[in-house]
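Here is a guided walk through a single protein chain. Please look at the sequence and the model first, then read on.

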Amino acid sequence: DCERITSANNGGHRNLEKGQYYRIGLEYVSLKGSSYAPWAVFLAAGVPSQMAAPSKRTAATTSLTLEWAWTSGEENGSPLRGFRVYRNTGPGTALSTTPDATCGRENSPAPLYCEITGLTS
C-alpha cells in the first residue's frame with residue numbers, strides 16, 4: 001500500500017513495480033484545516049516490451065519502393081501512442097538517428113506497416 005500523499009512528501013513515489021496496483025490518497029490542505037479525497041487505485045504501467053524485427057511486405061515492394069510491416073510488443077499497461085521509424089539511405093550507409101517522418105506513425109499506432117517511396121537503385 002502507498003501512504004497518503006501529503007504536502008510533506010510532495011506525492012513523489014519512486015520504484016513502483018510495473019503491473020502492480022497501488023492505492024493513492026490525496027489530502028487537501030488550507031489555512032482552516034485539511035480533508036482527504038477518497039482512495040484511488042492505479043496500475044503502474046511499464047515501457048512496451050521489445051518488438052520482433054519488421055518484415056518486408058513482398059507484394060508491395062519494388063526496386064523504388066519498400067514496404068514493411070511489424071507487430072507491436074506488449075503494452076505493459078500503457079496504451080501505445082505510435083512508432084518511430086528509423087532507416088538508412090542505401091547500401092553501406094548508417095542507420096539514421098533521426099526518425100523518418102515519411103510513415104507518419106509517431107502519433108499513430110496503426111496501421112502496422114509503412115511504405116517508403118522514391119528510392120534510388
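This is a predicted model: local features need pLDDT of at least 70, side-chain atom pairs count only at pLDDT 80 or more; totals for chains, interfaces and linings use all residues.

C103 counts as buried, because its relative accessibility is 9% and the cut-off for buried is under 20%. C103 forms a disulfide with C114, and the two sulfur atoms are 1.1 Å apart. In general, a disulfide is a covalent bond between the sulfur atoms of two cysteines. The count of disulfides by this rule is one.

From C114 the view can pass to L66. L66 is a residue of strand 6. Along the sequence, L66 and C114 are 48 residues apart, but in space their C-alpha atoms are 8.2 Å apart. L66 is partly exposed, with a relative accessible area of 31%.

Strands 6 and 7 are members of a sheet. Three strands make up this open sheet, in the order 5-6-7, with antiparallel pairing. Strand 5 (55-56) and strand 7 stand at its edges with a single partner strand each, so one side of each has no neighbour in the sheet. Strand 5 is joined to strand 6 by two bridges, and these strands run antiparallel. Within this part of the sheet, K56 stands opposite W68 of strand 6. In general, strands of a sheet pair through backbone hydrogen bonds, either parallel or antiparallel.

Strand 2 (residues 21-30) and strand 3 (residues 33-36) run antiparallel and are joined by four bridges. A hairpin of two residues connects strand 2 to strand 3. S30 stands opposite G33 in strand 3. Strand 2 is also joined to strand 4 (residues 40-43), again by four bridges and in antiparallel fashion. In that pairing, I24 stands opposite A40 of strand 4.

The next step is the chain as a whole. How many helices and strands does the protein chain have? There are zero helices and seven strands, and along the sequence the pattern reads β-β-β-β-β-β-β. Of the 121 residues in the chain, 18% count as buried. Among contacts with a separation of 6 or more, 45% are between residues 24 or more positions apart.

The last topic is the pockets. The largest pocket holds about 520 Å³ of space. Its lining has 18 residues, and M51, G82, F83, R84 and V85 are the ones that lie nearest its centre. Sorted by class, the lining of the largest pocket consists of eleven nonpolar, four polar and three charged residues.

The second largest pocket has a volume of about 230 Å³. Twelve residues line the second largest pocket, with R87, N88, T89, G90 and L119 nearest its centre. Which classes make up the lining of the second largest pocket? Five of the lining residues are nonpolar, six are polar and one is charged.

Note on methods. Residues are numbered from 1 along each chain as its sequence is written. Side-chain values use heavy atoms; hydrogens and water are left out. On a 1 Å grid over the protein atoms alone, a cavity is a set of points where a 1.4 Å probe fits but cannot get out, and a pocket is an open set with protein on both sides within 12 Å along at least five of seven lines; lining residues have an atom within 4 Å of a point. Grid points are joined across faces, edges and corners, and a volume is the space filled by probe spheres set on the points. Ala, Val, Leu, Ile, Met, Phe, Trp, Tyr, Cys and Pro count as nonpolar, Asp, Glu, Lys and Arg as charged, and the others, Gly among them, as polar. A disulfide is a pair of cysteine sulfur atoms within 2.5 Å. Buried means under 20% relative accessible area, exposed over 50%, partly exposed in between (1.4 Å probe, protein chains only). Two strands pair if DSSP finds at least two bridges between them. Contact means heavy atoms within 4.5 Å.
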